[in-house]
Amino acid sequence: MLQDNTLRHVQSSDPELYSMIERERERQRTTLQLIASENFASKAVMEATGTVLTNKYSEGYPKKRYYGGNQVVDDVEQLAIDRLKSLFSAEFANVQPHAGANANAAAYLALLETGDTVLAMRLDQGGHLTHGSPVNFSGRLYNFISYGVTSAVPDGSGERIDIEQIHKLAVEHRPKLIVIGATAYPRVIDVAPVREIADEVGAMVMFDAAHVAGLIAGGVYPNPLHSRAGKGADVMTFTTHKTLRGPRGGAILAGLELGPKIDKAVFPGLQGGPLENTIAAKAVAFKEAAQPDFKGYSRKVVQNAQALAQELIEQGFRLVSGGTDTHLILCDLRTFDAELSGKEAQEVLDKAGITCNRNQIPFDPRSPFVTSGLRFGTPAMTTCDMGVAEMKTIGSLIARALRFRADEVKVESVRKEVVELTSSFPPPAEKD
Ligand SMILES: *Cc1c(COP(=O)(O)O)cnc(C)c1O
């Protein structure tokens, strides 16, 4: 099953690093990858990342470069831009941000002045560091005001983004920008009511689709640039490596009017030379995401998340918002075992070969370092062709490892079952 050694140069020139890469490859192959922001890029994406395009300096944009020799690179970047615009029906695209955080920084730099007021989601209820955390540049340079989710209710209709609160805060603080999109929120976010509020107070709307870009491309999540009610978000930022299954990186979409400002903010505002090898790999991923089978993949990602959610509920866990519409599940451990923290659960599951992350749940009584929740996602294991049956198995393995966490033999037996399960569902890098 193992692929031929394609790293023979690393192996001979740097055996120390080579053995680390092989150890990581083994880890990815023999454990379950349930981190909601992770995925397995295709071999074509990885090949493009490792090409001679890494050798070229190309500060600027296609046909507007500062260095010579960019004839070919111009074609590569233009191909990525054109494919991306077509994938999301956008007028403007910038494919240079090195990551999602850089894309957000560039969008803020384009749209805001230092000190401007921005509304965004609370970090402890699903928002991202770049949505105004005091330890992040965003919280230091701009005046972020946070909105959150509604309280939990027994029928599962709570813990949704609190639109009334957004409205109240927008009227009170008159933000220049309202940011929506999250890093730990299991439900679809409708841009229409936020757009309405923004129009009422004269704000712009930015949708941070870091997590859901692939679901949008795959047609299982509404495109925030094109709200049902008419005009959608002004800007959409995202990562290319999460549900979109491309290389690690970021990108920005917008309408034509904002294009020049965004281009200027990315370069020379924020970054130097673009990573054209990564941009080539983004082009590959955008082409893959435009194929009909990516729609099938995206549907399976959501079906799998819903199947895993159902099994976790049957095992006694409470899910934030009662379930999921997306690739992501936020699991409240307290109904399963009041003593069990997210930190301990993550450590036990790591021993069992089930990789996930602890996460605060809305109104969490525990600190962000300890937490009462776990976050799970299905994009990576769906890429390995797992389906609903495997999700049921995984849900019961999670519960077993956590229920019998004091018994090393029982945790080890879960680990063995994980190795057996993963051996039938290898990542794309291990296949021909
Ligand atoms: C992952 C994420 C980011 C940042 O992406 P990086 O590539 O890690 O910089 C930004 N916003 C949200 C909502 C995210 O989930």
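1. Let me start with the ligand shell by class: four residues are nonpolar, seven are polar and two are charged. Here Ala, Val, Leu, Ile, Met, Phe, Trp, Tyr, Cys and Pro count as nonpolar, Asp, Glu, Lys and Arg as charged, and the others, Gly among them, as polar. Please keep in mind that this is a predicted model, where local features need pLDDT of at least 70, side-chain atom pairs count only at pLDDT 80 or more, and totals for chains, interfaces and linings use all residues. Residues are numbered from 1 along each chain as its sequence is written, and side-chain values use heavy atoms, with hydrogens and water left out.

2. Who makes up that shell? The ligand is surrounded by 13 residues, and Gly100, Ala101, Thr183, Asp208 and Lys242 are the closest; a residue is near if one of its heavy atoms lies within 4 Å. Helix α5 (residues 100-111) gives the largest share, three residues. Helices (H or I, at least four residues) and strands (E, at least two) are DSSP runs, numbered from the N terminus.

3. Now the polar side of the site. A polar backbone atom of glycine 100 lies 2.9 Å from an oxygen atom of the ligand, and for a polar backbone atom of alanine 101 the distance to a ligand oxygen is 2.8 Å. Lysine 242 uses its side chain, with an N or O atom 2.8 Å from an oxygen atom of the ligand. On its own the ligand has 380 Å² of accessible area, and the protein covers 86% of that (Shrake-Rupley method, 1.4 Å probe).

4. The domain assignment gives domain 1 (52-289) and domain 2 (297-426), with bounds from an automatic or database assignment. Between the two domains, about 2000 Å² is buried, and carbon and sulfur atoms give 58% of it; buried area is the accessible area (1.4 Å probe) that two parts lose on being put together, summed over both. Glu159, Pro186 and Arg187 supply 31% of what domain 1 buries against domain 2, more than any other three residues.

5. Two backbone details deserve a look. Phenylalanine 267 and proline 268 are joined by a cis peptide bond, with omega about 10°, and proline 268 is in helix α10 (residues 259-270). Lysine 63, although not a glycine, has a positive phi of about 70°.

Methods: A polar contact is a pair of N or O atoms within 3.5 Å; within protein, one must be able to donate a hydrogen and the other to accept it, and residues adjacent in sequence count only if both atoms are side-chain atoms.
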